[in-house]
Amino acid sequence: MRVLVTAATRHEATGEIAEAIAAGLAKRGVEAEARPITEVGDVDGYDAVVLGSAIYVGRWLTEAGRFAERHAATLASLPVWLFSSGPIGAHAPEWECADAATLAQTTGARAHRVFAGRIERARLGFAERLVARAAAPRDRDDRDWLAIDEYAAEIAAELAAQPLDRAVHDPAPARSDRGAGAL
């Protein structure tokens, strides 16, 4: 079982979440590879995919949406999980990603999870700093590594419970898990 974990990220925080999910899968015996979305040409050779994106203005980054569209047929035939990151604060896991329902339908995703993000002003452009100032008065990292690892554990358990040939031919319906494993 080979799992691709890939994400669109602007300032590496979401990429670090993808790496943590891949590591969480690996420690549970699943062969997982974290790769930046810009380096993934195709998904051939993978038995499952975990796809994520940073959220900006309530939406996934363009390259993540394009990736989902470009690989829609293949993704729909594989077990797929989605994650979003970016909101900060106590209510981050309750955040509604405007793209989640469409992306879940496009990919046939089994679940979508929202994780809190990180703000480091030194990494932001001028316009991003203005928006960040309104959201948080200082740099902060609200990522919940335990919740991220719990998501990896859930994915690993689901992969172990369902043989690959059945997973490919009988994908489970998508569901949204806003707030599950919350901060």
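In this predicted model, the N-terminal end of helix H6 is capped by Asp144, a side-chain oxygen of which lies 3.1 Å from the backbone nitrogen of Leu146; a polar contact is taken here as a pair of N or O atoms within 3.5 Å, where, within protein, one atom must be able to donate a hydrogen and the other to accept it, and residues adjacent in sequence count only if both atoms are side-chain atoms. Helices (H or I, at least four residues) and strands (E, at least two) are DSSP runs numbered from the N terminus. Residue numbers start from 1 along each chain as its sequence is written, and side-chain values use heavy atoms, with hydrogens and water left out. Local features need a pLDDT of at least 70 and side-chain atom pairs count only at pLDDT 80 or more, whereas totals for chains, interfaces and linings use all residues.

Helix H6 has 17 residues and reaches 24 Å from its first C-alpha to its last, close to the 24 Å expected at 1.5 Å a residue, the expected span being 1.5 Å times one less than the number of residues.

Arg143 is placed in the loop between strand S8 (140–141) and H6 and, at 9% relative accessibility, counts as buried. The side chain of Arg143 reaches the backbone oxygen of Ala13 at 3.2 Å, and a polar contact of 2.6 Å joins it to the side chain of Glu16. When residues up to four places away in sequence are not counted, Arg143 touches Ala13, Glu16, Ile17, Ala116, Gly117, Arg118 and Ile148.

The structure holds 9 salt bridges, each defined as a side-chain nitrogen of Lys or Arg within 4 Å of a carboxyl oxygen of Asp or Glu. In one of them, the side chains of Glu33 and Arg2 meet at 3.3 Å, N to O; since Glu33 lies in strand S2 (residues 31–36) and Arg2 in strand S1 (residues 2–8), the pair ties together parts that are 31 residues apart in sequence. Glu33 is partly exposed at 30% relative accessibility, as is Arg2, with a relative accessible area of 29%. The side chain of Glu33 also meets that of Arg35 in a salt bridge of 3.9 Å, N to O, and Arg35 is partly exposed at 23%. Arg113 and Glu154 form a further salt bridge through their side chains, at 2.8 Å, N to O. Because Arg113 lies in strand S6 (residues 111–115) and Glu154 in helix H6 (residues 145–161), this pair ties together parts that are 41 residues apart in sequence. Arg113 is buried, with a relative accessible area of 1%, whereas Glu154 is partly exposed at 36%. Salt bridges with shared partners join Arg2, Glu31, Glu33 and Arg35 into one network.

Apart from its neighbours within four places in sequence, Val80 is in contact with Val49, Leu75, Thr107, Ala109, Arg110 and Ala111.

Glu69, found in helix H2, is exposed, with a relative accessible area of 61%. Glu69 and Thr107 are 38 residues apart in sequence and 8.2 Å apart in space, C-alpha to C-alpha.

Over the whole chain, there are 7 helices and 8 strands, and buried residues make up 49% of the 183 residues. Of the contacts with a separation of 6 or more, 81% are accounted for by residues 24 or more positions apart.

Technical notes. Buried < 20%, exposed > 50% of the residue type's maximum accessible area, 1.4 Å probe, protein only. Contact = heavy atoms within 4.5 Å.
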